[in-house]
Amino acid sequence: MLQRRKEAVDDLQLHVFADNSMQAKCAVAYYRFCYKNGEVGVSLVSSRVRVTSLKRITIPRLELDAARMGINLAATIVEESSVKVQRIVLWTDSLICRHWLTQPSRRYKDYVAHRIVDFQQKVESLEQNGV
């Protein structure tokens, strides 16, 4: 995958984009690598798509589910891949979701709190693995 070019990779990052709609949620992961000569390249690694529940769920909660899907995808890639990643970046367009994920889970009701705890545990696990 990264062996196509003869030049050495200076910096390897994993970027994961998470988003949702009322019909589906998705996460897409890319490697972003910088070569020693300054060039930058990207490569699609993996993606996941799930249909959302038929129950009425608010958009911020759906965005939180998509962010959880994104961190799970990132954790799976790091665990299963032999490629050493220096940094993981998770992208979401939801300000509410980003706010929730930086707060203590005890401030929220069960649905949001459980997903915050799950997300934060995955982040801690990735940090312990040196990412």
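Predicted model: local features only at pLDDT ≥ 70, side-chain atom pairs only at ≥ 80, totals over all residues.

Q: Okay, what's the secondary structure of the protein made of?
A: You've got three helices and four strands. Going along the sequence, the pattern reads β-β-β-α-β-α-α.

Q: And what box do the C-alpha atoms fill?
A: Roughly 50 × 30 × 25 Å, taken along the principal axes.

Q: How much of the protein counts as buried?
A: Of its 131 residues, 37% do. The exposed surface comes to about 8300 Å², and carbon and sulfur atoms supply 51% of that.

Q: What share of the contacts comes from residues 24 or more positions apart?
A: 62%, if you take the contacts with a separation of 6 or more.

Q: Switching to charges: how many positive and negative ones are there?
A: There are 20 positive and 14 negative charges, and their mean positions sit 5 Å apart.

Q: How many salt bridges does a search of the whole structure find?
A: It turns up three. One of them is between the side chains of Asp 10 and Lys 36, at 3.6 Å from N to O. Asp 10 is in strand β1 and Lys 36 is in the loop between β2 (24-35) and β3 (40-51), so this pair ties together parts that are 26 residues apart in sequence.

Q: Are those two buried or exposed? Start with Asp 10.
A: Asp 10 counts as partly exposed because its relative accessibility is 48%. Lys 36 counts as exposed, since it has 59% and the cut-off for exposed is over 50%.

Q: Which residue does Asp 65 form a salt bridge with?
A: Its partner is Arg 115, with the closest N and O atoms 2.6 Å apart. That pair links distant parts of the chain: Asp 65 belongs to helix α1 (residues 59-80) and Arg 115 to helix α3 (residues 110-128), 50 residues apart.

Q: Buried or exposed, for Asp 65 and Arg 115?
A: Asp 65 is buried, and Arg 115 is buried too.

Q: What about Arg 68, which residue is in its salt bridge?
A: That's Asp 118, and here the closest N and O atoms are 3.8 Å apart. Again the pair links distant parts of the chain, with Arg 68 in helix α1 and Asp 118 in helix α3, 50 residues apart.

Q: Why does Arg 68 count as partly exposed?
A: Because its relative accessibility is 26%, and partly exposed starts where buried, under 20%, stops. Asp 118 also counts as partly exposed, at 22%.

Q: New topic: where is Asn 20?
A: Asn 20 is in strand β1, which covers residues 9-20. It counts as buried because its relative accessibility is 13%.

Q: What does Asn 20 touch, leaving out residues up to four places away in sequence?
A: Lys 25, Ile 59, Leu 62, Glu 63 and Ala 66.

Q: Last one: which residues form the nonpolar patch on the surface?
A: Phe 17, Tyr 30, Val 42, Leu 44 and Trp 91, and together they have about 500 Å² of accessible area.

Q: Where does Tyr 30 lie?
A: In strand β2. Tyr 30 is partly exposed, because its relative accessible area is 32%.

Notes
Residues numbered from 1 in each chain as written. Heavy atoms only, no water. Helix = DSSP H or I, 4+ residues; strand = E, 2+ residues; numbered from the N terminus. Buried < 20%, exposed > 50% of the residue type's maximum accessible area, 1.4 Å probe, protein only. Contact = heavy atoms within 4.5 Å. Areas by Shrake-Rupley, 256 points an atom, 1.4 Å probe, with all protein chains shown as cover. Lys, Arg positive; Asp, Glu negative; His and termini not counted. Charge placed at Lys NZ, Arg CZ, Asp CG, Glu CD. Salt bridge = Lys/Arg side-chain N within 4 Å of Asp/Glu carboxyl O. Patch = residues over 30% accessible without salt bridge, like charges linked within 9 Å, V, L, I, M, F, W, Y side chains within 5 Å.
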